[in-house]
Amino acid sequence: MSSIADFVRLAYEKVYAVREKFAEAGLVPGDIRSQADLGLIPLIRKSELAERQRREPPFGGFLTMPESALQRIYVSPGPIYDPQGPGPDYWRWGQALSAAGFAQEDIVQNTFSYHLTPAGMMFDSALRHLGCTVIPAGVGNTELQVQIMREAGVTGFIGVPSFLYTLLKKAQELGFSKHDIRLRKAWVAAEKLSEDLRAILSGDFGVEVYQGYGTADLGCVAYECSERRGFHVAEEVIVEVVDPETGQSLGPGEPGEVVVTVLEPSYPLIRFGTGDLGALTGAPCGCGRPGERLTGILGRTTDGVKVKGLFLYPHQVEELRSRFAQVAFLQAVITQIDFRDVLTLRAEPVPDADIEGLGKRVEREAKELLRFTCRVELVAQGTFDGTEKNIIDARNWE
Ligand SMILES: [Zn+2]
């Protein structure tokens, strides 16, 4: 694709849904001249894509080539149809796997499903594109997978992090050590990877774990480099972070909905609202790659609550709590007094905490970190068992 303007014009000409979006916003293709103009186009959400596919199966009119020209057609839960268009690495995961050190000499056990959904083939095609040898292992069969890993001299793993941990624990139980297993690198997605688990996999098992972010509809969106501090936005991909209600772009570091445009002419999804919560940074990365990074995927936007015109998300409340060793649990409660939102933080101290001035300190930090003025209420020990939601919207909406 030569430019965003050309891409948008092609999508407009070939896809009825895109013409509808433009009409809705009073736009013509000539209004979109650069990336900065993309924000004018209304978002398309997954639910709308699914609905359009129901009305006009299989692809809702988004496919710009005959179905018979596709390599494969997938059906993800929903059901939602996903195309595999032309090219050896249609979903562009090769760049992500290469950044994680996957190369020609690797023998890779791919444990994503090959059945109906595109996950297995997405990584299979990227691995083959890099010249790796693939074992299409799919999901399940823990003991057999351990046996394969050992006997076939597997050096790389692809799948979800919990399954990698299960396999390595099983190998340990069966009496195999690091020397019996050649696995040294893993690439994971589709599940949250905690830094604790990453440290265990590296320390106890000698496996370096990288991760990336993408979806069945979009393919590769962003991926980790050797610095493993956030996800570099992939080539041919534009990522915006927007206010999930208004669709307006947010500034660096501000959490909001991850909105993705992939410059893929066969299936042009323009401003696809993922519902995932993320934030962008333009700060340079130690690896030298240019461009923006997602600082992480922080949850779902639907978990956010709007308070005094700003969104408050569970991960922010948890971040605030983690800054105070004396606070065991922190819960934000939103009420209204005289039609104005009031934010109260209920903090449960750890046993024998020194609570002198604690409330004031949490209040100051909340102002700094969350940008909310709030009052802090210290609650008795045992008020929370740690399983409660950390944001409660107690406003009366009737
Ligand atoms: Zn980097």
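Modeller: A definition comes first: a residue is buried when its relative accessible area is under 20%, exposed when it is over 50%, and partly exposed in between. Keep in mind that this is a predicted model.

Now the zinc ion. Its protein donors are Cys225 through SG, His232 through NE2, and Cys285 and Cys287, each through SG. They lie 2.1 to 2.2 Å from the metal. The site has 4 donor atoms, with angles of 102 to 115° among them, and is tetrahedral. For reference, the ideal angle for four tetrahedral donors is 109.5 degrees. Along the chain, the donors follow the spacing C-x6-H-x52-C-x1-C.

Cysteine 285 has a relative accessible area of 11%, so it is buried. Cysteine 287 is at 27%, so it counts as partly exposed.

What about disulfides? A disulfide is a covalent bond between the sulfur atoms of two cysteines. A search of the whole structure finds 0 of them. Take cysteine 132: it is in no disulfide, and the nearest cysteine sulfur, that of cysteine 220, is 15 Å away. The cut-off for a disulfide is 2.5 Å between the sulfur atoms. Cysteine 132 is also buried, with a relative accessible area of 0%.

Next, the packing. Nonpolar side chains tend to be buried together in soluble globular proteins. The largest nonpolar core here has 64 residues. Those with the most contacts inside it are Trp93, Phe102, Ile158, Trp187 and Leu294. Helix α5, residues 119-130, gives the most to this core, with 6 residues.

Leaving aside neighbours within four places in sequence, leucine 294 is in contact with Tyr213, Ala222, Gly230, Phe231, Val239, Val241, Val258, Ala279 and Leu280. There is also a second, separate core of 21 residues, including Leu330, Ala332, Leu343 and Ile391.

Finally, alanine 347. This residue lies in strand β18, residues 340-349. Its relative accessibility is 0%, so alanine 347 counts as buried. Alanine 380 is 33 residues from alanine 347 along the chain, and their C-alpha atoms are separated by 8.8 Å.

Terms used. Residues numbered from 1 in each chain as written. Predicted model: local features only at pLDDT ≥ 70, side-chain atom pairs only at ≥ 80, totals over all residues. Heavy atoms only, no water. Donors = N, O, S within 2.8 Å, 3.2 Å for Na, K, Ca; no water. Tetrahedral: all angles 85-135°; square planar, octahedral: opposite > 155°, others 65-115°. Buried < 20%, exposed > 50% of the residue type's maximum accessible area, 1.4 Å probe, protein only. Core = buried A, V, L, I, M, F, W, Y, C linked by side-chain atoms within 4.5 Å. Helix = DSSP H or I, 4+ residues; strand = E, 2+ residues; numbered from the N terminus. Contact = heavy atoms within 4.5 Å.
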